[in-house]
Amino acid sequence: MTVVNAFKGWEEAQRRGFRYEKDYCWEYFLSSNTLQMLRNMKGQFAEHLLAAGFVNSRNPRDPKSNINSENEKLLKAVICAGLYPKVAKIRANFSKKRKMVKVSTKTDGTVNIHPKSVNVEETEFHYNWLVYHLKMRTSSIYLYDCTEVSPYCLLFFGGDISIQKDKDQDTIAVDEWIVFQSPARIAQLVKDLKKELDDLLQEKIENPQPVDWNNTKSRDTAVLTAIIDLITTQENETARNFAPHFQNEQYN
């Protein structure tokens, strides 16, 4: 999300003029050449989407292609879809000396957020999960470019969903290792909606065409709107109802 916000800030500064753009890059240690390269890549991606039939315009700023572009929670879901299964769990840190949160992954156990990350000193997360772009071992194992994601992001844009029983608790799991407590009825509804999303994506791959958001009675719009609403409206109270834990005890 930091990259997204930095790019948006640069575009706004550029619209105000060369001096504002130069000052913006200087203040935030950014390269205007790199940002311009990202803009060109964005345009090329829009060209590919148009050629494939997913959008109606080669303009990446076309309003019809950006109906949900200001929805930060949905953007995090898209990031989750792109980075999964690079998932880490945020763990409680009761140390009085070290205020940073503890983080663990399925394969490595305890890891650290890189010291230069904007999240390294963050102590109040809404949810217990991060997705990350890069993991590297130096003096320790560090996560780079990590973003907080909600349970619904992982459930809809992670791996396969299964409904389980864990010590008399109804649970729903992603790939059988990211497990959330959830009433069986809610878990089944989420699983069914995920199946609808998977079927819809398969149909779009086989027969690409833009979503007509104005046609509220279409199956496309109904499925996508339901998922977007769930992701967007999920608040802290809902998150507590999805109490997360790794299935393997060494990550509890």
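Predicted model: local features only at pLDDT ≥ 70, side-chain atom pairs only at ≥ 80, totals over all residues.
## Salt bridges

A search of the whole structure finds 12 salt bridges. The general idea is that side chains of opposite charge can pair when their charged atoms come close. Arg39 is partly exposed, with a relative accessible area of 28%, whereas Glu11 counts as buried at 7%. Salt bridges with shared partners also join Glu11, Arg39 and Arg61 into one network.

Another salt bridge brings together the side chains of Arg58 and Glu47, at 3.2 Å from N to O. Here Arg58 sits in the loop between H3 and H4, while Glu47 is in helix H3, so that distant parts of the chain, 11 residues apart, are linked. Arg58 counts as exposed at 51% relative accessibility, and Glu47 is partly exposed at 36%. The side chains of Arg219 and Glu203 meet in a salt bridge as well, with an N to O distance of 3.0 Å. Because Arg219 lies in helix H7 (residues 219–233) and Glu203 in helix H6 (residues 184–206), this pair ties together parts that are 16 residues apart in sequence. Arg219 is partly exposed, with a relative accessibility of 32%, and Glu203 is likewise partly exposed, at 39%.

## Aromatic pairs

The structure holds four aromatic pairs, and one of them is formed by Trp129 and Phe180, whose rings are edge-to-face, 5.9 Å from centre to centre with 65° between the planes. Since Trp129 lies in strand E4 (residues 129–137) and Phe180 in strand E8, the pair ties together parts that are 51 residues apart in sequence. Trp129 is buried, with a relative accessible area of 0%, and Phe180 is buried with a value of 0% too.

Tyr152 and Phe156 form an aromatic pair that is stacked, with 5.9 Å between the centres and 25° between the planes. These residues are separated by about one helical turn, because they are four residues apart in helix H5, which spans residues 151–157. Tyr152 and Phe156 are both buried.

## A charge over a ring

Arg16 and Tyr20 show a contact between a charged group and an aromatic ring: the charged end of Arg16 sits over the ring of Tyr20, at 4.1 Å from the centre of that ring.

## Backbone features in loops

A cis peptide bond, with omega of about 15°, joins Tyr84 and Pro85. Pro85 is found in the loop that runs between helix H4 (72–83) and strand E1 (87–91).

Phe29, a residue other than glycine, has a positive phi near 55°. This residue is placed in the loop between helix H2 (18–27) and helix H3 (32–52). Is Phe29 buried or exposed? With a relative accessible area of 77%, Phe29 is exposed, because the cut-off for that class is over 50%. Glu176 also has a positive phi, near 65°, in a residue other than glycine, and Glu176 lies in the loop between strand E7 (169–174) and strand E8 (178–181).

Note on methods: Residues numbered from 1 in each chain as written. Heavy atoms only, no water. Helix = DSSP H or I, 4+ residues; strand = E, 2+ residues; numbered from the N terminus. Buried < 20%, exposed > 50% of the residue type's maximum accessible area, 1.4 Å probe, protein only. Phe/Tyr/Trp six-rings, centres within 6.5 Å; stacked < 30°, edge-to-face > 60°. Lys NZ or Arg CZ within 6 Å of the ring centre and 35° of its normal. Salt bridge = Lys/Arg side-chain N within 4 Å of Asp/Glu carboxyl O.
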